[in-house]
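Biologist: I would like to go through this structure with you slowly, one question at a time. Could we begin by putting it on the screen?

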There are 2 protein chains.
Amino acid sequence: MLEALVKQNNTKLILVVLDGIGGLPVEDGKTELELAHTPNLDKLAKVSALGMHIPVDIGITPGSGPGHLGLFGYNPAEHNIGRGILEALGLGLEVRDTDVAIRANYATVRYEQGRPIVVDRRAGRIPTEENRRITQKLKENIRKIGDVEVLIESGMEHRCAIVFRFPEPLEEGSDMVTDTDPQKEGLEALEPKALTPQAKKVAEVAKEFVRLAAEILKEEEKANYLLLRGFSQKPKIKNFEERFGLRACAIAVYPMYRGLASLVGMQVVKVEGGIQEELQKLEELYKDYDYFFLHIKKTDSYGEDGNYKGKVRVIEEFDEALPSILSLNPDVLVITGDHSTPSVLKGHSWHPVPVLLKSPYVLGGTSQRFTEKEALKGELGIFPAYKLINLMLAHSLRLAKYGA
Amino acid sequence: MLEALVKQNNTKLILVVLDGIGGLPVEDGKTELELAHTPNLDKLAKVSALGMHIPVDIGITPGSGPGHLGLFGYNPAEHNIGRGILEALGLGLEVRDTDVAIRANYATVRYEQGRPIVVDRRAGRIPTEENRRITQKLKENIRKIGDVEVLIESGMEHRCAIVFRFPEPLEEGSDMVTDTDPQKEGLEALEPKALTPQAKKVAEVAKEFVRLAAEILKEEEKANYLLLRGFSQKPKIKNFEERFGLRACAIAVYPMYRGLASLVGMQVVKVEGGIQEELQKLEELYKDYDYFFLHIKKTDSYGEDGNYKGKVRVIEEFDEALPSILSLNPDVLVITGDHSTPSVLKGHSWHPVPVLLKSPYVLGGTSQRFTEKEALKGELGIFPAYKLINLMLAHSLRLAKYGA
């Protein structure tokens, strides 16, 4: 129904994602948001619409993929992003509809009668620099397999991502290839097997790739093999601009978030630095787009480390930057997170996430601050994250009336 | 599930719809409901269950049709009422399952080699009295086309509604006839075309009707043609009494709301005047029905005009009338709106609508007044409008237990 009602105007919409913003009490019964000194957010909260969103479903802890898809207006229960794709995006590899992406582990094998037996699935968690050196070697030696381009990117420790780029767009089902990781040490590394006819050519390329890599790595002491997991294609997702009529731009420091935005067709802008640099980009590009997704990572990183003081500090840093966003005078400004990352849990959680929506058409006056408890008092109630786009479009008067 | 649980008793249920009741701050940060002096509503709110309903979906602004269907217990996302039907109902034409309803514009055309070229799609927005005179002329000269009865009713300015009444109920798809309005001046008026085999006979009648009307109107200076749009049949909607076991009566001054109630099979009562006259009817008929839908229009009309003081006055007028409703001692009384019409938006909006439910089985004590913000604190939370019927049935003890 929503898409049929979309209409155009000149409004500007900004979505700020403070990654993992929601929290739980950490000190004096207060959450990170409650502990932070945030005069600008407080002031804005008093005149805004507040509420909580549920990223995926009640009780469900989302990864970054589902967390962001929801905020972009895609029901994450209906759209699945493969592990290989996320890994590739996270390491800055672009993925196209000609591609299959794979996450890979460097591993240690010994050979018994020529068969590779896995001794260490993580190659002793080799240092990241070691990974870079080895990956460079692979890159130089495996550029193509037949007419298939091979892209490799180092991750942390033993991890890397691989993309096979075929000359033509791949049919659906081309990524149905089995993992080669036997999941247990002492077992033989498996061969990649196609589960569908469409996946055959991918499995063949993978098999040849594993053989070549083993050959190139055979002299390495630890990382003498590559195990492949999570073969995946770019998901079929309807374009954001086509659905919502918004020319959209993603501003993010970390590649995975730019990658997620690019999956739905947003233009992505690479930024080096922190919040200040991101805001500078926002100002530069403000006239060129209708919708901006601004991603702030460090709230989540500190939450994952259990460092609540770090998380509080990033919230305060954002609070200081808020006036420069407000000075752009966007028609609709939303501040929220993709999920909660309570420092006490040192990881993503299932808790609803505070949402603040600024527009001329709110009741306001329900909440004193942008915190979990004050957001609960707000006029937006508790709602599914993927309905946030409905609210953003409604508040920018970009939706026609439904029925007469 | 609901319908299978319905049981009978002698309770009385009243639904009062203050059309477009929800608002936004207009003066001193207060909404129309907050500004109004409403001692009776305040008293009732303190001992009632409050909450907010979402008419169609988060962010979606409903027309009157979807707004009311929801309150009657029909998911408006699943039931579509055609434009022609609404127009006809709004002008007081009854629609039956033998009918196709159309909204029509008087227009000005000039003829080029016998072909009607649209010069003004709205015939210069002729005065309503002019419309009445011309419509009367059409009525007198086109009563039947073959065995099809033709009903015509004047609207405002250049608008009117037409109903073709066939001798037999029409098959589904009979209303799939294209508009004759070319949507742009300088183009030829189109012929009505059937998009389905079932629609053929309707298209033929429409073609003949347009020809006859052009003949009759040919001497008119401005309104010398009729353009047809929104061909529609009565929607297939399951009967209200069959679904919920409630003998239902609609009391409304404006024809469209009586029409909407009649679409779901309610008995409709025509009332001239205002709230007082409606309440008098309610008392008269109180013993004859189980469920009463009482429609109060002016809150919406003033909201649409941006006249918040007018809207406040109607709310106060209703407050004065409230004791006489309470004196009937209904088992369940609900006071709400079909959607919000904030004076600042001068039109319907997507904002959730306050709901007050009086019954012996509420918590109460959550809210001090019947306002948007106080309703947010209530025990009913924020819920889809079409679930209101569940609450009304439950609170009148008309639902059996689900499962053992």
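Biologist: How many salt bridges are counted between chain A and chain B?

Modeller: Please keep in mind that this is a predicted model. A salt bridge here needs a side-chain nitrogen of Lys or Arg within 4 Å of a carboxyl oxygen of Asp or Glu, and Lys387(A) forms one with Asp57(B), their closest N and O atoms being 2.6 Å apart. Between chain A and chain B, the count is 1 salt bridge.

Biologist: Which element gives the most residues to the side of chain A that touches chain B?

Modeller: The elements of chain A that give two or more residues to this side are α1 (2-5), β14 (381-384) and α14. The one that gives the most, with 4 residues, is α14(A).

Biologist: How many residues of helix α14 of chain A are buried?

Modeller: Helix α14 of chain A covers residues 388-395, and a residue is called buried when its relative accessible area is under 20%.

Biologist: What area is buried between chain A and chain B?

Modeller: The size of an interface is often given as the accessible area lost when the parts come together. In this model the contact takes 27 residues from chain A and 28 residues from chain B. In chain A, Leu363(A), Tyr402(A) and Ala404(A) lose the most area to chain B, together 36% of what that side buries. Carbon and sulfur atoms give 70% of the area buried between the two chains, which is about 2,100 Å².

Key: Residues are numbered from 1 along each chain as its sequence is written. Chains are lettered from A and ligands numbered from 1 in the order in which they are written. This is a predicted model: local features need pLDDT of at least 70, side-chain atom pairs count only at pLDDT 80 or more; totals for chains, interfaces and linings use all residues. Side-chain values use heavy atoms; hydrogens and water are left out. Buried means under 20% relative accessible area, exposed over 50%, partly exposed in between (1.4 Å probe, protein chains only). Contact means heavy atoms within 4.5 Å. Buried area is the accessible area (1.4 Å probe) that two parts lose on being put together, summed over both.
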